[in-house]
Amino acid sequence: MRLTHVLIPLSLAVTGAVLLGAKPASAPAAPSLTASAADVYVVDPVHSFILFSIIHVGASRAYGRFNEFEGRIELAADAAESSVRFELKTGSVDTGNDGRDKHIRSADFLNAGEFPVATFQSTQVIQDGDVYRVTGDFTLHGVTKEVKLDMELVGMGKMRGNTVAGFHGELEFKRADFGMDGMLNMLSDEMTLIISVEAKLQ
Amino acid sequence: MFHPLPILYAFAAAAALLALAWHPWRREAESTHAPVLTALAFAAGFGLAQVALYGLPQVPPSARSEWLGFLVLATLALVPLERSSRGGRVPLLLSSLALAAWFLWTTTGPKREYTWDNPATALWLGGALAAWLWHTASLRDLARRRAGGPSLPLVLFATTVGIAVVVGLSGSVNYAHLAGALAPALGGLVILGVWRPDLAALTSATAPLATALLGLLWIGILFAEVPWPVALLLLAAPEAARLPAWGPDSGWKAAIPRLVGAALPIAAAVVLSLPEEPYY
């Protein structure tokens, strides 16, 4: 057997093995949001938070959270085709005090028995770098108003093999505009809904 | 925040209509329209207090609880049936059933959509309808048996105040005001009962009163998280007033044992509603 008959297959095998097992020169690129025409992201409630804040007696900023919510973000290559929707259960409000939670659920505030769900549905999405400037209809306490919400793309990553994207936005509104005018002497009219979500690419 | 003016409006409107109905300053018989005017006095007092509290309601209302005011007004149509003898009983029962079923169905929309499954819906609506009919019949019977004097008005006044306190303790000042609006409408009847115990003011005028009491408790359960056993205790208070067997049968002093009988379930309901840890 000629030596070349042995060395050529051997070199090919070694080369192949090296190529197959080789590490690339750099890490793989992070998942991109502009990869396809319409990526659908569904909010993962375990790794997401919807909070609210309000000023108490003009002195301090008080926070609470909603424990039950859903969300869906559709991002198209053309941002105008994108959409954002959130839906939260008003009865799931949690401020760390049962008595206060009950009061906030009552007709004095959220009236969760009458209006169990609050929703945000986008009507327009404009992309500005990593920020999505979203205009939409916010329905709270049975009243629907147009609001603006800037959602920032915080980052992207992998979670158990799935591509996930993180978004953060703050929605400021006056609660009296939505008919929630209880205890305006103690709690500010201005409220902020803080939406910080991790959403899984479908 | 406590608003006293709606209470004054309710008292003034109800008292004026009761005076118009019964002419308590005269010895002769009352106006022929007395039962209708008495029923109207409750409805008007309750309605006026609601308007003073929340403004004129939208039609249809934006909140389901606001249907209660309309329902109380609708029950005025039952007063002629309540006055008639046997022939009116079946139509009265069917009309009461239809109004109650409509109100219960309308107010449970969010619960049926988001919280209750079909068996729970059937259980809640069936139970509420049964309680509704029982209480309406019971109040009618009580009014017939204790036609005059301050006993029954005082018991109903105490029950209404109990509902307002329980709803307030359960977390809703808003609905506590609504419940509290009925109490001043009953205040005129208490005064009338003391002044002219010979007048059977409540007979044939119980439909709007029973509807307002039941509706307030139902709203408390649905929208103010009042536990249903607490609501049942309050519902039983007028019946419990019959239990004490001591004391005179008529006159001012007769009201004392009746009030004691009613006060027990009302007090139990209030104690059960006390928050474990107030947050204020």
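These notebook entries record what I looked up in a predicted model.

**Conventions.** I number residues from 1 along each chain as its sequence is written, with chains lettered from A and ligands numbered from 1 in the order in which they are written. Local features need pLDDT of at least 70 and side-chain atom pairs count only at pLDDT 80 or more, while totals for chains, interfaces and linings use all residues.

**Strands of chain A.** I looked up strand E3 (residues 60-66) of chain A and found it antiparallel to strand E2 (residues 49-56) of chain A, with seven bridges joining them; strands are DSSP runs of at least two residues, helices (H or I) of at least four, numbered from the N terminus. Strands pair if DSSP finds at least two bridges between them. Ile55(A) faces Arg61(A) of E3(A). Three residues separate E2(A) and E3(A) in a hairpin, and Val57(A) in the turn has a positive phi of about 45 degrees. I also noted that E3(A) pairs with strand E6 (residues 93-94) of chain A over two bridges, in the antiparallel sense. There Phe66(A) stands opposite Val93(A).

**Nonpolar cores.** I took a core as buried Ala, Val, Leu, Ile, Met, Phe, Trp, Tyr and Cys residues joined through C-beta atoms within 7 Å; buried requires 20 or more other C-beta atoms within 10 Å of a residue's own, with C-beta atoms placed from the backbone. The largest core has 91 residues, and Phe46(B) is among those touching the most other members. Helix H11 (residues 207-223) of chain B gives this core its largest share, 13 residues. A second, separate core of 34 residues includes Phe66(A) and Val93(A).

Notes. A residue is buried if 20 or more other C-beta atoms lie within 10 Å of its own, exposed if 12 or fewer, and partly exposed in between; C-beta atoms are placed from the backbone.
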